[in-house]
Protein chains: 2
Amino acid sequence: MDKDNMKISMAVIRRLPKYHRYLKDLLEKDIKRISSKELSKIMGLTASQIRQDLNNFGGFGQQGYGYNVEALFEEIEGILGLDKHYNTIIVGAGNLGQAIANYTNFEKAGFLPKGMFDINPKLIGLKIRDIQILDADHMEEYIKANGITIGIICTPKEQAQSVADRLVKCNIQGIWNFAPVDLNVPEHVILENVHLSESLFTLSYLLNHRDE
Amino acid sequence: MDKDNMKISMAVIRRLPKYHRYLKDLLEKDIKRISSKELSKIMGLTASQIRQDLNNFGGFGQQGYGYNVEALFEEIEGILGLDKHYNTIIVGAGNLGQAIANYTNFEKAGFLPKGMFDINPKLIGLKIRDIQILDADHMEEYIKANGITIGIICTPKEQAQSVADRLVKCNIQGIWNFAPVDLNVPEHVILENVHLSESLFTLSYLLNHRDE
DNA sequence: TAGATTGTTAATCGATTAACAATC
DNA sequence: TAGATTGTTAATCGATTAACAATC
């Protein structure tokens, strides 16, 4: 098993977006090179961990010099798949769905919201920016007609599993789930959860157990 | 160092809200008792891990019987600090801030949004449910006058650090940060981040590296 | 060349899993 | 009592950190 086929641990994968973010900052500040030691200082990791992480994907650095910021950034863009476009739909056009539709940063990164779906007649027909809110009944045909690869679930928890089932039937590739449930999807479908209340409750725990 | 003073690992802490959620489900289904083995099946953890996790906080089970669902739920509620109320403010009343203000589940869990702040004159004066959007200039006095303990940052990334600094000066206890930056706060202030794009980029990575 | 810094191996640390005596 | 299941110790696994030879 060579490096390209090596299984990367989730711990490493979840740090990649952070590298991406910091390298982008450096790039915008016109910084050309950086050592693992300097990067470790600004990111709050150890230099050793940074070198280990990056070496999962290749030897991007140069002894005695460090890393070329632009080259490394481009590498990580590619590794994350941010050099591509993804057609997405948002299912559930309530406040959270609308907030995501309005958040243009995702679009800039290549995640294009093509349509939104809801069952509420008051919402159907409205537009968020240039994104139409459509009747959820038409979701399946829309996915097929528009090459949708990612479904973003912003429904209440009661509807989330049935929405996920429908998305899976349409051969969706990935699901970004904001509903506070653990969804069942087949192994070939990528599922990423954003469980906001778990984050808030963690904050609550830490507030109540400081100085212990 | 006895059990009550034992340092709990973040891995355990971040699983607590999940226990809370599943136990609440069981409670609503009127299930009275559950063994670590049954719970492991529905939660997708190992029974061993569940027993280890819970025993960080006390011996809540009974040999030969399992765990009393209601009692265990109440314990975890308490451990998470969800038996208390927290006055919160939302800083940044854009789409995301509004979505959070509208999400009544947080309120039901005891996190009470008392006010929202923005610098946009078009937003100041509006109400989300019964929550006023106020001029960000008045944030400091409002925090002091209303016993605010948690600040929720929903501003663009450029403003997030200065908002955090101001919150810290007002003796805020916790910050729930949605801005895509790593904030600097003193050690006694609890900081919990929701970095949505890191979650989305992780999904993107996994989409591009399936079957490896 | 000398100094700096990587890539990589080895050591350590921490978290998860397995096993089982205690006990309800 | 016998069976079930916990609480807890020991074993394993995986991730992080340290160290250093390779090399730019």
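Modeller: H3(B) contributes the most to the surface near DNA strand D, six residues. This is a predicted model, in which local features need pLDDT of at least 70 and side-chain atom pairs count only at pLDDT 80 or more, while totals for chains, interfaces and linings use all residues. Residues are numbered from 1 along each chain as its sequence is written, and chains are lettered from A and ligands numbered from 1 in the order in which they are written.

Biologist: What makes a residue "near" a strand?

Modeller: Its C-beta atom, placed from the backbone, has to lie within 6 Å of the strand. For DNA strand D, 27 residues surround it, and the closest are Ser9(A), Gly64(A), Gly59(B), Gly61(B) and Gly64(B).

Biologist: Which elements supply at least two residues of that surface near DNA strand D?

Modeller: From chain A, H3 does; from chain B, helix H2 (36–43), H3, strand E2 (61–62) and strand E3 (66–68) do. Helices (H or I, at least four residues) and strands (E, at least two) are DSSP runs, numbered from the N terminus.

Biologist: What surrounds DNA strand C?

Modeller: DNA strand C has 27 residues around it, the closest being Gly59(A), Gly61(A), Gly64(A), Ser9(B) and Gly64(B). Here H3(A) gives the most, with six residues.

Biologist: How do you know how many residues near DNA strand C are polar?

Modeller: Ala, Val, Leu, Ile, Met, Phe, Trp, Tyr, Cys and Pro count as nonpolar, Asp, Glu, Lys and Arg as charged, and the others, Gly among them, as polar. By that rule the surface near DNA strand C has 19 polar, six nonpolar and two charged residues. The surface near DNA strand D divides into 19 polar, six nonpolar and two charged residues.

Biologist: How do you know which surface the copies meet through?

Modeller: Two residues are in contact if their C-beta atoms, placed from the backbone, lie within 7 Å. The contact takes 45 residues from chain A and 45 residues from chain B. H9(A) provides the largest share of the side of chain A that touches chain B, 13 residues. By class, that side has 23 nonpolar, 15 polar and seven charged residues. Of the interface residues of chain A, 100% are also interface residues in chain B, so the copies meet through the same surface.

Biologist: What makes E1 and E2 of chain A edge strands?

Modeller: Two strands pair if DSSP finds at least two bridges between them. Three strands of chain A form an open antiparallel sheet in the order E1-E3-E2. Strand E1 (33–34) and E2 each pair on one side only. E1(A) and E3(A) have two bridges and run antiparallel, and Arg33(A) stands opposite Asn68(A) in E3(A).

Biologist: Where do the domains of chain A lie?

Modeller: Bounds come from an automatic or database domain assignment, which gives domain 1 (3–79) and domain 2 (86–198). Their C-alpha centres are 31 Å apart.

Biologist: Which residues of chain A does UniProt list as "DNA-binding region"?

Modeller: The unreviewed UniProt entry lists residues 18–57. That stretch is 70% helix and 5% strand. UniProt positions follow the numbering used here, feature names are shortened, and annotations may be inferred rather than shown by experiment.
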